[in-house]
Structure formats: C-alpha cells, structure tokens
Amino acid sequence: MGYILRKVVLFIITLWAAITLVFILPRLMPGSPVDAALGKLASAGVPITNAERAAIEAQLGAPHTSLLAQYGDYWNSIATLRFGTSYSFPSQTVAHTIGVALPWTVFLVGTTTVLAFIIGTLLGVYAGWHRAKLADSSVTIGATFFGAFPPFWLGLLLLYWLSFKYGWFPIKGGYDPGTTPNWSLSFVGDALYHSVLPGLTLAITTLSGWVFGMRNNMINTLGEDYVTFAEANGLRSRTVAMLYAARNALLPNVTAFGLALGALIGGTVLVEGVYSYPGVGNLLYLAVTNHDFPLMQALFLVITLSMLVAIFIVDLLYVRLDPRVRSST
Amino acid sequence: MSIIATPVPPPEAPGAAARVPSGHASAVPGPLRFIGRALRTLWSNGKARAGLIILGIIILVAIFAPVLAPHSPAATTFTPYLGSSGTNWLGTTGNGQDVFSQLIYGARVSLIVGLCAGALATLVAATFGLISGYRPGLVDEVLSFVTNLALVVPGLPLMIVLTAYIQGHSVWTIVLVVAFTSWATGARVIRSQVKTLRAREFVTSAVFSGERLFRVAFREILPNMTSLVAASFFAAATAAVLAEASLEFLGLGDPATVSWGTILYAAQQQNALLTGQWLMVLAPGLAIVLLMVSFTLINFGIDALSNPRLREK
Amino acid sequence: MALLEAHGVNVVYEPSRGTRIWSVRDVDLTLEQGEFVGLVGESGCGKSTLGFALTRMLRPPARLTSGTIRFAGTDIAGLDGEQLRRARRNGFALVLQSGMNALNPVRDIEHHFGDILKAHAVPGEDVSAAGIRRRGTELLEAVRLDPAVLSRFPHELSGGMRQRVSIALALSLQPQMIVFDEPTTALDVIVQQAVIGTIKELQRERGFTAILISHDLGIVLESTDRVMVMYAGRIVEDQPARAMARGLHHPYTEALLDCYDDPRAEEVRLGGIPGTPPDLSAPNTGCSYTPRCPLAEDICRQQDPPLFPLEAGRAACHVRARAARVEEEAGRAR
C-alpha cells in the first residue's frame, strides 16, 4: 500500500509541476507569444471577445499583470477549459478541437505501444537468450538499423511505396473524407484501415528501444543465481527462459516505460503530420506551421498531462508484476 | 571455528586470487594516451569498429565537402524540380539547387549539431548526476525531482514549443533546445552510478584519509565513470541528430543553412514523392540513419567494455 | 560400484579478454554411496569449479577440457541437452552458495516446487496443485520449515530460510548426490550451525552422497566423514575427518589447521600462510605449494607429487610420504 500511496502523491506533485512548467514557458521565451498570437488573429480578421482575450493572456502571458495573478488566471482558464482562440480553427473552441482529435491519437498510440512492446520484448528475449550467436547479432543489427529511422522519413517512404505506388493503403487521413465519424462497423473498419500505415511506422521506429532494453536485461538476468539454480534443478529451457529469466528481465523495462512513451509521442507528432492523421500530433504540426500559439500551448499541456497519466497507470500496473513491491511499506 | 574471518570477497575468476590487489591506478594517464587506448579497445569490438568506420567516412565527407560536392549547395543555377540526372544525381530543389551538393554539405551541420548538442546534454547530465549522486539529502531530492520532471515532459513537443516561441531560428538555437530537452536520461543513469561508486570502499577510504570531497569526486569517481559518460554522450548524440532532423522537417530549422533535415523539409514542401523525386527523400534520410547507426554501434563497443557480460565472445 | 568416479578432470577458464586459467588440474575422485565428503581450500583453489564440473553446471568461459565423470555407471561428461536434464532426477543436485539469490523473486515457493516436479514428472506421478502442495509440505518439513512458507515469496524469507528452501528444492529431485557449494558462507554463525545441522541430519536420514564445499575448515571437520583439501586446482590431501585433528599432513593442510585456535584458551595463537596462491595461468612443474612450503626440497620443485598414502588417507607431498615410508620400514625392522 505504501508504494501506491507514494506513487499517487508523486503523480499529483509532478502534475502540478508540469502544469506550472507549461505556464512558465511562454513567459520565459524571448519575443512575446501573446502579442504574436493576438496580432495574428487580428490580421486574419478573427473577432475576439474580451473573455477570449483574457483566456489567451492567461495562457500565454499578460505583461501588465503580476505573475501571481497570471498564475491564478492560468489555473482558472484550465479549469474552465478556456484556452483562447485558435488561428487555425477560429470557429471552434480550442477544447473542442483538441477533444475531437485526442481519441484518434489515444487509439493510435495505444495500439502501437502494445504491439511494439510485445514484439520488441519477445525479440529482446530471443536475442538475449541466444546471445552472441547469429540470432542475437541479426536481431541487434536489425533493431539498430530500423530504430535509427526518423519516424517521418519511414512514414514518407511507406507512404510512397505502399500508398502512392501500389495503392494498398490510403494516402492520408484517418478515414474516408466523404464520411462522418460514427460507430458503425464500416466506419470503424475504414478507420482501422487508415491507421495501419501510421501504426506500422510508429511501431517499427519504437520497436528497437524495447528490443535493446529487454536484451540487456535478459543478459544481466541470465547471470543471476536463480537462473543457474533453475538449470541445476533440471527445468526445461523454455521454462527457465520465460518464467525465470524473461519474467524478471521485464521489470526494468516496465519502469522505463515512461521514457519510451516520450519517444513514442514525439514520433506520433511526426507520423500524424506525414499522414495527416487527425490526431493531436497532426494538430501540433499544424499549429507550429501556422504559428498558432494558443492552440500550440493547449496541445502541449494536453500531451504532457496525457503522458503523465499513462505513466501513472503503468506504475500502478507494476504492482501486479513485482511481488517485492506489493508488500513494501 | 574460524577465528580468522578475513572477508575476502570471492574472486570473479578462479586463480584470480593470485593477483594481489594493488592500490588502484596512481596517476590518471594523459588524456591523449587515454583516448588512444580507448580507440584501440573499441576497434577490437566488431560492432564498434563498423561504427567508427562509418563515422570516419561521414566526418571526412564533412571536412572535404568543398572538394566532393560538384556544385555549391546554395547556387540556384539549375532548373527546379528536376528528378535525378547526370548533372544532378539527386535532382534539384524548388529553388533550382543541386540536392547532391546539399547532401554533402549537410553532413557538416548534422555532425556539428549532433556532437555539440550531445556534448552539451552530457555535460549538464554529468553535472546534475555527479552532484545529485554525491550529496544525498535535500540537494539530491530536489535535483532528482527536477530530473524526473524533465524526463516526464515529452521531448519533441517540448522542443517544438520552445523553438516556436524563440522566434529566431539558428543552428545554435536548435543545439540549445535539443540539449535542454535530452540531458535528463543521462543524468539519471550517471546519478545512480555515482551513488553506487560513492558507497564503495575506495571512496570512503579516500575521504577518511583526508582528501577533499572535490578531489575525491574527480580522482576516484570520475575515472571509473568514463565509459558510462562516453556511452551517455553517444546516446545523446544519436538522439540529437534525430531531434534536429525532426525539428527541421517541421520547418523549425534555420532557413539559411543546409542540412539533411532541411532537404527533407523542402522535399515535403514540394511533394517530392508525388513528383517522382523519391531520391531526394531517400538519400538524406539514409544519411541520417547511417550517422545515428554509427553512434549506436560505437556505443555497443563501449557497453561491452564496461559490462563484461555483454562482451562478444 | 562407486556412485561417482571422476578421472582426469581438467577445467580451464577462458575469458575473451585476459589469460587462460587452469582452475582444476587432473583431479581423480571416487565417492561411494552415502559418503559425506568435505572439499576445503582457499578462495580460488578450484573447489567450487570442481563442484560445478561434477554436476555438469560449468558455463562459458569455464570448460571441461578432459576427463570422465561416471555417475552411477553412466558417463555424464558426455551428456547434453534433454538427456542431461533428465539425468538430474534421481541423479546429482547442486545447492548454490547463497540462498540469498537462488530463488526466483517473482514466483512463490509453491511454484518453485511445482516447476521442478512438473519438469521431471513421470507418468503416474501426481503433479496437480494438490499433489505439489503435498510434496512441497513434506520437503519443507524435512528441512525444518513451516509449510506456510509455500505461499511466501523469496523476499519475505530470511537468508537462512531461503537456504533451507534451496535444499528442499534440491531434495525434490530425489537425488543420489548433492553438492553443497559454500552453503553457509553468507549466513551468520548461529544460522550457519543450524543449517549445517539440518544438512547432516538429512544426509543421515536419506543416505544421499554429499559433497560439502567450504573454505571454512572448521565446519567441514565438524560435519563430514571424509575431508579433501584442494590447492591450486589439485586435491592435495584426502583423509577421514577424524584423522585430521592429529598426525602428519600435507604442509598446506597443517598450515590451515594452524589458523584455528580455541578462543577460550589462555593464549590464543593464530598462524597464517605466507606468500600468495600460485598463478594458475601457467602450467607448473613440481609441487604448486613449493614457494610457500616450509619443508620444500629439490624434488618438490622438479616433480609434481601424486597422492601418496599417508596416515589414514593420502597426501600429495614428497617429504611427508618419504618420512612415512621411512617410519614404516623402521617399524617393520623392529
């Protein structure tokens, strides 16, 4: 119980710190993001209500108000989900824009993570168990090579060969442009079809992290006494490899999940951009290209918080995996 | 029953007891000799050797770019949007520049940014790690918390946001931003190693024999951490190359410099894939991959040096 | 037929960086069913390596370069893979140095037993959950542990308890021989006594052949029937335990015995052995102990002594052997 409590407290503190960090960023940077944002909206002829103006200032900075007051306004604007007006989507609230895109990203990242984790871990176990033999070398070299692929580059190549040249997959988007999102089977099927290439791209580029981590852990675990003892007691190789070595080697990988997720999210931004997949990564891509600061600021907050939540969930799951932590105080 | 219970730790290899443990290395060898020895050891590892060769080639290309590139990378003398031909092996950009020459010159920027950002990130990581691991208590708690926070904030989005807010983009902006976002992983690794080393007997005995803390940190702990710091550096450099390319691809790079990432940005802007200029996409990406792979391969060698279990047979 | 007959066992240690080391040199060993043997020597003498070699647990960079190891009539040195795995049931078992780390942290004790029992199950044997629990309880009680331990995880047990669990797990193989590699080194003195006591009782009750490897001569003398002393990869002395307390021995053995004294005596005198153990990376001529031996003569430097008869057993010492021969002839002459 002590472990869980500690993790909850840590989560809350980190949450607070992250939100504060996001508050500080636009106020710290040279140049004035708030003026840039207001200026851009004005030149595009987008009308701003006073409430919107206040929200934008709360997010990006109000040079004439005290920092403390700004901090209060900032929290207020988050609580009321007022993030200002987006230059790219002036007719919607920022919250709505993000809200529509978020589920797509969660779906993409979720499935990709699970796939990459499972395949990467298994490959890592395989490589570690057959260390220094051909199996290990080929997996290692392969993972090194493919892991170095910039996600956007791989995305472009796959897009070119599989979509453009051979037409096996759609060229862009999350779903057929003519349809509206709904829960019908045909739409879900279509959505899945559109997510294959982005998912594949992300999975391939993030796979190597899991492979190496697991391989190294396996090699270290294989030197442990309990593996030797298991072999001395005549357990079958598969039992030793999976239940004694891999099961323990898995643990540091899980704790490192947070780091892996960061890389995955970075990749998501690039991949969604390349495929115009309607997730928050694509929004960030658009926001950057358009210098759309209110949208960018809100996206950054949402992405950071999502990552914190995901890490927190994994931390809680860890308790199921490691009995030593279950009984610790 | 045993009276003499001298706790001799069982040696790693039988027969190793024959070697009486001498006092550890008295003088740290001269830096050049050290680097020479390091290179020789790395060379003996197959993967590291391949990495060193690839890196060497890229460095040579960067140095001899003026000689190797058939044209000036900025010269807009060619017909734009051409596919590959005899004069322009990789085609031309929308401004009529030769992509192949850009590729050659691009090596400079990618190398410099990768190495500099990696070095800067490692420097920050080592400082944080050393201080945090060495002084338990409040200092450690605070520094660790900051490190963990930096780890939790997603890297690329942070870089994007920082670069976007800093509205002038030069190569050095990218170096700073990349370094700022990637020091945390190394810091955590270095911190845990420092903590382990600090608890070891030779440090305690050095402290007891009156050596000042600062000297202990540098003479006793740091030399044992070289391979770890080196590994951190190459890992950071790998990440830096990727980060830089990603930022440039998103249009956050310096419009005046040519690098592999900016070539890809241009390619995307002009829909190179759809117009058949796929070489313009393939070549710079492949170059980025090779540079990153070379760093990673070298790191395999370093890993094998420090962890005997990982050594190749 | 002796249970274990090992001839010419040589083990080399070949790290990828660094020199080759011959850690076990030309060892011959014969053990009868039911013997309780102690294998004693300082760190690095090769005793653990020998123990691992006899149970076919050597791993790279260590390698058995030559020798036969006949266990219950079968040459196990040539076995591999599935054959070797099966041979461990009713065969030879190994209990590791520290129970501390010998158990899988993420599996409870009941599953530890289950894994072994299922791995060696023969048709007709009950390896259901109930059957495993029954066997597990039996074995835990045999090592004087509460059956409640079955539902515990390793980290919830003390060092002594973990060591006992290791022994119980080895026993589940119903082995004819168990090698105990430094079973008490990581434990404090009182727990040491308890664990050694349990091992002795078990050996008496079940009659398996036991090899107790330790650098602690005291423990070995207390619990075993027969003591073998190793030095520099060779067995240099082989005596019944009761013969060790007095009489003449190999100079190394005598030096070891000299390291002990009664702490309650008026004056406590502790000996030591000058010099350092030899470098095992080079083949040697002559007796390895020569540089440190107070009795060393020319022949010692030239000829490596085999195990000559001495007292109630054997010792590899030219000088002692010659003295014993002279004494015997003098005795016959009288």
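Tutor: The model is a predicted one. Chain B contains 12 helices and zero strands, so its elements, read from the N terminus, run α-α-α-α-α-α-α-α-α-α-α-α. Of the 313 residues in chain B, 48% are buried. Where contacts in chain B join residues at least 6 apart in sequence, 68% of them link residues at least 24 apart. The accessible surface of chain B amounts to about 14,600 Å², and carbon and sulfur atoms account for 67% of that surface.

With regard to the interface, 46 residues of chain B are in contact with 52 residues of chain A. The size of an interface is often expressed as the accessible area lost when the parts come together. Between chain B and chain A the buried area is about 4,700 Å², with 79% given by carbon and sulfur atoms. Helices of chain B that each supply at least two residues of the touching side are H5 (138-152), H6 (155-165), H7 (171-198), H10 (226-249), H11 (260-269) and H12 (278-306). The largest share, 12 residues, comes from H12(B). Sorted by class, this side of chain B has 33 nonpolar, seven polar and six charged residues.

As for particular pairings, the count of salt bridges between chain B and chain A is zero. Two residue pairs are found in polar contact across the interface, both at pLDDT 80 or more.

Conventions: Residues numbered from 1 in each chain as written. Chains lettered and ligands numbered in written order. Predicted model: local features only at pLDDT ≥ 70, side-chain atom pairs only at ≥ 80, totals over all residues. Heavy atoms only, no water. Helix = DSSP H or I, 4+ residues; strand = E, 2+ residues; numbered from the N terminus. Buried < 20%, exposed > 50% of the residue type's maximum accessible area, 1.4 Å probe, protein only. Contact = heavy atoms within 4.5 Å. Areas by Shrake-Rupley, 256 points an atom, 1.4 Å probe, with all protein chains shown as cover. Buried area = accessible area lost by both parts, 1.4 Å probe. Salt bridge = Lys/Arg side-chain N within 4 Å of Asp/Glu carboxyl O. Polar contact = N/O pair within 3.5 Å; in protein donor to acceptor, adjacent residues only side chain to side chain. Nonpolar A, V, L, I, M, F, W, Y, C, P; charged D, E, K, R; others polar.
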